[in-house]
Amino acid sequence: MSDEGQRANSPGSSLSASDKADFKRSLTDVVPHLRAFARGLCGRPDMADDLVQETMLKAWAAQDRFEPGTSMRAWTFVILRNAYLTDMRRNRFRGEYDEGVAERILTAPAGQEEPIHLSDLHRALLTLPAERREALLLVGAGGFSYEEAAQICGCAVGTIKSRVGRARAALTEMLAQGNIPRRSTADDIAHRAILEELDMVAAGNGVSSRP
Amino acid sequence: MASIHNHSGGTGHASNGAQRRAPEWADGLKQLYDSVVEEDLPDSFKDLLDQLDSSDAARSSNDNGTAMQSPDGRR
């Protein structure tokens, strides 16, 4: 567990003013990406934004652990996902989806198949176990390589590949069959997956506090 | 898992293959993500950063940073 949040006011003693300015600028730049990742993880925009603010506080507090020249996006995503997992354990997120997602059509199939809508995809995504959802978000939406995603999640590259593959297969099947749970039905499964993962993080296999 | 039948997009063998081609909905994931990235950032985020910045400045007054307003006292 990290307690960076508690001491949000004593960061960066060893940093120069220009380092700090750089840090602030990089953090500012990455906020839209944090919002996008958080929205994908927890669905509801308001909760996602809370999560991003929590992440910003923690990142700020830990700023002297950030290595200039490395990816701010990857670094803050680690913080965000750990905050998400912690909040998840406290049951703050219920896997609700965003009612505001546009009903935009993603595919226009021939024949009598129903087209796939963006909102279908969003809903289907939120039914996935969190570990697969985040893997797919990192690789398929965030554009991270498998290696980077593995670093962010603190697991092996092969694990990420298999999570992405399973997530894709599950989504493809759900979307192809139009069989998308209305909401939250996968909560128990997702929740269990997360708790297992949290135990790993707690056991020191996460990467939340790499030097 | 491998029972996907009505797709023409090469998703036929959905085994464990992370290497296989992305399915046809894959672009939607990017759309979901990018649509949030492109949203206007609510002021609360900039406010938070400025607040963090100025509370730092207040702490280490000899470490004179760049453009910092004096703290507004509602921290």
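Predicted model: local features only at pLDDT ≥ 70, side-chain atom pairs only at ≥ 80, totals over all residues.
View 1. Residues are numbered from 1 along each chain as its sequence is written, while chains are lettered from A and ligands numbered from 1 in the order in which they are written. Chain A holds 8 helices and 0 strands; helices (H or I, at least four residues) and strands (E, at least two) are DSSP runs, numbered from the N terminus. Along the sequence the pattern reads α-α-α-α-α-α-α-α. Of the chain A contacts between residues at least 6 apart in sequence, 70% join residues at least 24 apart; a contact has two C-beta atoms, placed from the backbone, within 7 Å.

**View 2. The largest nonpolar core.** Here 66 residues come together, and A38(A), L51(A), L80(A), A135(A) and A149(A) have the most contacts inside this core. A nonpolar core is a set of buried Ala, Val, Leu, Ile, Met, Phe, Trp, Tyr and Cys residues joined through C-beta atoms within 7 Å. Among the helices that each supply at least two residues are helix 1 (17–42) and helix 7 (157–177) of chain A, together with helix 1 (26–37) of chain B. Leaving aside residues up to four places away in sequence, A38(A) touches A48(A), L51(A), V52(A) and L80(A).

**View 3. H33(A) in helix 1 of chain A.** Find H33(A) in helix 1 of chain A. H33(A) counts as buried because 20 other C-beta atoms lie within 10 Å. Beyond four places in sequence, H33(A) touches R73(A) and, from the other chain, V37(B). H33(A) and T76(A) are 43 residues apart in sequence, yet their C-alpha atoms are 9.6 Å apart.

**View 4. Helix 1 of chain B.** Chain B has 2 helices and 0 strands, and 16% of its 75 residues count as buried. The 12 residues of helix 1 of chain B should span 16 Å at 1.5 Å a residue, and the end C-alpha atoms, 17 Å apart, agree with this; the expected span is 1.5 Å times one less than the number of residues. G28(B), L29(B), L32(B), Y33(B) and V36(B) are buried in this helix. Seen down the helix axis, the buried residues fall within an arc of 135°, so they line one face of helix 1 of chain B; the arc is that of the directions from the axis to the C-beta atoms. Their cover includes helix 1, helix 4 and helix 5 of chain A.

**View 5. Helix 7 of chain A.** With 21 residues, helix 7 of chain A reaches 30 Å from its first C-alpha to its last, close to the 30 Å expected at 1.5 Å a residue. G165(A) lies in this helix and is buried, with 21 other C-beta atoms within 10 Å. After the helix comes G178(A), whose phi is positive, near 60°.

**View 6. Confidence in chain A.** The mean pLDDT, the predictor's confidence in each residue from 0 to 100, is 79 for chain A, and 67% of its residues reach 70 or more. Confidence is highest in helix 6 of chain A, at 96, and lowest in helix 8 (residues 187–205), at a mean of 57.

Terms used:
Buried ≥ 20, exposed ≤ 12 C-beta atoms within 10 Å, placed from the backbone.
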